[in-house]
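Let's take a walk through the aromatic side chains of this protein. Have the structure open and follow along.

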Amino acid sequence: MTTGEQERVDNLLDAQRHAEELFEAVTARGLIRPGVGERALSDEIRDLANEMFGVTKHWHKRIVRAGENTLETFRANPPDRIIADDDILFLDFGPIFEDWEADFGRTYVLGEDPLKHRLAAALPRIWDAGREYFRAHPDVTGAELFDHVVELSEQDGWHFGGEIAGHLVGEFPHENISGDDIESYVAPGSSGPMRRRDASGRECHWILEVHLVEPGRQFGGFYEELLDLP
C-alpha cells in the first residue's frame with residue numbers, strides 16, 4: 001500500500017471512529033428518549049457533533065426514523081414523528097470530519113418488545129455475515145453482494161427494506177468520486193468488481209448497509225459502517 005493510500009485509509013477509519021464516539025455520546029447523554037420529535041433529535045445530534053468535533057457539514061441528509069417511519073428508504077421524507085415509549089428507531093448520519101466522510105447507522109429499542117429487540121440484534125449479525133461473504137469472494141460485484149445480503153435477511157426471517165446495500169465512500173464531496181453511476185452502489189445492476197481503483201487510480205472503499213423489516217411490515221431497523229476497512 002502506498003503512503004497516500006495508507007493516509008486515505010487512516011482518514012476514513014478516523015472518521016468512522018469519530019462517528020462511533022458521537023453515537024456513544026448520544027446514548028450516554030440520554031438523547032434517545034420518548035417524547036422528542038425525530039427532527040428535534042436530529043438537530044440535537046447535529047449540535048452535539050459540532051460541540052464534540054467541530055462538525056459543520058454532513059454529506060447526506062441527517063436521518064432519525066422511529067416507528068412506522070423505519071420502513072422508509074433513504075430517499076423518502078416521511079412526516080416528523082414523536083418517539084413513543086416502546087418505539088424502535090434508527091439514526092443514519094454522514095458527518096464530515098476534516099473533509100472525510102463517515103457514514104454510520106445504528107438501531108435502538110425503547111421498551112421491552114421482544115420482536116423489536118430481536119430485529120435490532122439481527123442487524124449486526126447479518127451485517128457481519130455480509131462482510132464475511134465480501135472477504136471470501138475477491139471478485140464479488142455490487143449486485144452479487146446485494147443479492148447475498150437480501151438472502152441472509154430472508155433466511156433469518158426478515159424482509160430486506162433497502163433499495164441498495166451500500167455505496168462508495170471517501171473524500172468529501174462524495175459526488176466527485178464516482179457520481180450517480182450504479183457501479184457506485186451495492187445494488188442490482190452493479191456488475192463491476194467491488195475491489196477496483198477509481199478513475200483517479202485510488203482504491204475504492206465501501207460502506208455496507210443493512211435495512212431489515214419485520215414480517216408484518218410494521219417497523220424496521222438499520223445498520224451501516226465501513227465494509228472493507230480495516
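What follows is a tour of ring pairs, a ring cluster and charges over rings. Keep in mind that this is a predicted model.

There are six aromatic pairs to find in the structure. Start with F90 and F222, whose ring centres are 5.3 Å apart with 35° between the planes.

Now move over to F146 and F160. Here the planes meet at 85° and the centres lie 5.7 Å apart, so this pair is edge-to-face. It links helix α4 (residues 142-155), which holds F146, with strand β6 (residues 159-160), which holds F160; the two residues are 14 apart in the chain, and this too is classed as a link between distant parts. F146 is buried, with 9% relative accessible area. F160 comes in at 13%, which still counts as buried because the cut-off is under 20%.

Rings also gather in a group: F23, F93 and F104 make up one aromatic cluster.

Finally, look for charges over rings. R195 places its charged end over the ring of F134, 3.9 Å from the ring centre. K116 does likewise with F219, its charged end sitting over that ring at 5.6 Å from the centre.

Notes:
Residues numbered from 1 in each chain as written. Predicted model: local features only at pLDDT ≥ 70, side-chain atom pairs only at ≥ 80, totals over all residues. Heavy atoms only, no water. Phe/Tyr/Trp six-rings, centres within 6.5 Å; stacked < 30°, edge-to-face > 60°. Helix = DSSP H or I, 4+ residues; strand = E, 2+ residues; numbered from the N terminus. Buried < 20%, exposed > 50% of the residue type's maximum accessible area, 1.4 Å probe, protein only. Lys NZ or Arg CZ within 6 Å of the ring centre and 35° of its normal.
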